[in-house]
Amino acid sequence: MTGPRYTPLRDRHEALGAAFTDFGGWMMPVRYSSDLAEHHAVRRAAGLFDISHMAEFAVEGADADVFLDYALAGRVSAMAVGKAKYSLVLAESGGIVDDVIVYRLGEHRYLVIANAGNREAVAGALTERVADFRGADAVRDVSVADVSDAFALIAVQGPAARGILEALDDIADLDRPLTDLPYYAAAQGRFGQWPLLVARTGYTGEDGFELLVPAEAAGDLWDGLLAAGSPHGLVPAGLAARDTLRLEAGMPLYGHELSLDVVPAQAGLGRVVAADKQDFVGRSGLGAVVAGDAPVLVGLIGEGRRAGRAGYEVFDGDRRVGEITSGALSPTLGHPIAMAYVAPPAAEPGTTLTIDVRGTRLPVTVTALPFYRRAH
Amino acid sequence: MADLTTLHYTAEHEWIAVDGDVATIGITDYAAQQLGDVVFVELPSPGSTVTAGQVCGEIESTKSVGELYAPASGEVLEVNDDVVADPSVVNADAFGAGWLIKLRIDGASLGDTLDRAGYVALTGGDV
């Protein structure tokens, strides 16, 4: 076991006085000033996130699209060049190995972004699936490379994000203007002398961008964004704010809402699976899960200020019907929110349940996700 | 803010200011920083009795839940209603306006506590 890892932006975080926390083996900034201030900045102006701990895989070759259709749950081949897609790596059992974002960078060139803690699992799955896909005589043309260490990923999230990127002079030669970039699409260009990918994606429920550059360029990009963004209210934001933001936006987090023990439909991700595809890893397992019986992911809204947390039990009367996977006092909404897996009879929005908060039963109401949706 | 060198400290990151038989208790600035923004505080009722080493309250941040341990046994004389109403005071002034409860204690009942130097050593100097 090696020691904790740091991103190329470690010195920036230290200079900003960040508190660090271990996340998937990485020492990441949990906050710079205040969790709440950083959360509110993202909702009202913009936040700057170092997400360089995430893993990147380059998938290339004439058969890359057919391969990804086989290796992932979604139909990647149907995506136009320059688009991004949320997808899942499934186990044979239908359980979730990881949730990923796939970018189609060229006709035969893709980038798969995976969670930091699942880098090895995804690398293993893709490598194994490449071998199976190629067959004994390696007739199909596809390669998978773990390029995580070569790149840094920085996110600018919030209503001011576009203005901030437009104020950054060093962005040049974009193959499409930021103003025309739809949600879940990406532009390629340069940051100074470096190659740059700008994607209109994120994990906060706000408009925003994720910027991929070579690791060597990370410091300059971070500094440039902070300088361009400060007049717009941009502040660096840590994992604590990222977690409350994604919870409000109803976005699942691997290890909490997603795991090998959960199939996509349970997590409300049935739409991510292209069930009409000919063959893909996990397809046979999905059919084995009894519909209507397995717990499903719901939102819970509470009263007061005391929040249910991951692991707390959910009850319908005296009957235990589920467990919370993530919970917090919502900084934006002002009341407690949680995501939980509950038995289907208890999952109807409007149902009143209780949660056990360290020995005290508190009432909660089942609600559809997300809790927060930005105004368009 | 109290003179930090006159305070007693616990390994659970509470501070105790003793004045005669009255102990004022709070959590340290280090603990408040570790918790993150405090958003909910539950304290024992005035008039109730707390037992040394037992949980007597809760301090929640956006991220996590911390428990308040009674560093001594005694009767709760007063709780800080300002902190209950606005828990962010704990982050803003942990050693002052962010105090939590006042206990009437038997001076001898204050068990093993740390002095300032001992507490600073416990937190690796990061207070």
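Which residue in E17(A) is the bridge partner of A:Phe315? In E17(A), that partner is A:Arg320.

This report concerns a predicted model, in which local features need pLDDT of at least 70, side-chain atom pairs count only at pLDDT 80 or more, and totals for chains, interfaces and linings use all residues. Residues are numbered from 1 along each chain as its sequence is written, chains are lettered from A and ligands numbered from 1 in the order in which they are written, and side-chain values use heavy atoms, with hydrogens and water left out.

Helices (H or I, at least four residues) and strands (E, at least two) are DSSP runs, numbered from the N terminus. Two strands are taken to pair if DSSP finds at least two bridges between them. Strand E16 of chain A (residues 313–316) runs antiparallel to strand E17 of chain A (residues 319–329), and four bridges join them. The hairpin of E16(A) and E17(A) has two residues between the strands, and A:Gly317 takes a positive phi near 65° there.

E16(A) is also joined, by two bridges, to strand E19 of chain A (residues 352–357), again in the antiparallel sense. Here A:Val314 is placed opposite A:Ile355 in E19(A). E19(A) in turn pairs with E20(A) over six bridges, antiparallel, and A:Thr352 has A:Thr365 of E20(A) as its bridge partner. In the hairpin of E19(A) and E20(A), with two residues between the strands, A:Arg358 adopts a positive phi near 50°. Strand E20 of chain A (residues 360–367) has an antiparallel pairing with E15(A) as well, over four bridges; within it, A:Gly302 stands opposite A:Val364.

**Salt bridges**

A salt bridge is defined as a side-chain nitrogen of Lys or Arg within 4 Å of a carboxyl oxygen of Asp or Glu. By this rule, 26 salt bridges are counted over all chains.

| Residue | Partner | N to O distance |
|---|---|---|
| A:Arg119 | A:Asp146 | 2.8 Å |
| A:Asp207 | A:Arg200 | 2.8 Å |
| B:Glu58 | A:Arg306 | 2.7 Å |

The pair of B:Glu58 and A:Arg306 crosses between chains, from strand E6 of chain B (residues 55–61) to the loop between strand E15 (296–302) and E16 of chain A. Burial is judged by relative accessible area: buried means under 20%, exposed over 50%, and partly exposed in between (1.4 Å probe, protein chains only). B:Glu58 is buried, at a relative accessible area of 8%, and A:Arg306 is likewise buried, at 10%. A network of salt bridges links A:Arg306, A:Arg309, A:Arg358, B:Glu42, B:Glu58 and B:Glu60. A:Arg358 of this network is the residue with the positive phi in the hairpin of E19(A) and E20(A).

Within chain A, A:Arg119 and A:Asp146 form a salt bridge. A:Arg119 lies in helix H4 and A:Asp146 in strand E8 (residues 143–146), so the pair ties together parts that are 27 residues apart in sequence. A:Arg119 is buried, with a relative accessible area of 13%, whereas A:Asp146 is partly exposed at 35%. In the pair of A:Asp207 and A:Arg200, both residues are buried.

**The seven-stranded sheet**

Seven strands of chain A form an open sheet of mixed pairing, in the order E10-E11-E12-E13-E9-E3-E14. Strand E10 (171–172) and strand E14 (234–236) stand at the edges with a single partner strand each, so one side of each has no neighbour in the sheet. E10(A) pairs with strand E11 of chain A (residues 186–191) in the antiparallel sense over two bridges, and A:Ile171 stands opposite A:Phe191.

The loop between E10 and E11 of chain A contains A:Leu178, which is buried with a relative accessible area of 7%. The C-alpha atoms of A:Leu178 and A:Val198 are 8.5 Å apart, although 20 residues separate the two along the chain.

**A negative surface patch**

A:Glu92, A:Glu128, A:Asp132 and A:Asp279 form a negative surface patch. Such patches consist of residues with over 30% relative accessible area and no salt bridge, like charges being joined within 9 Å. A:Asp132 belongs to helix H4 of chain A (residues 119–134) and is partly exposed, at 49% relative accessibility.

Note on methods:
Patches are made of residues with over 30% relative accessible area and no salt bridge: like charges are joined within 9 Å, nonpolar side chains (Val, Leu, Ile, Met, Phe, Trp, Tyr) within 5 Å. Accessible areas come from the Shrake-Rupley method with a 1.4 Å probe; for residues, only the protein chains shown count as cover. Lys and Arg count as positive and Asp and Glu as negative; His and the chain ends are not counted. The place of a charge is taken as NZ of Lys, CZ of Arg, CG of Asp or CD of Glu.
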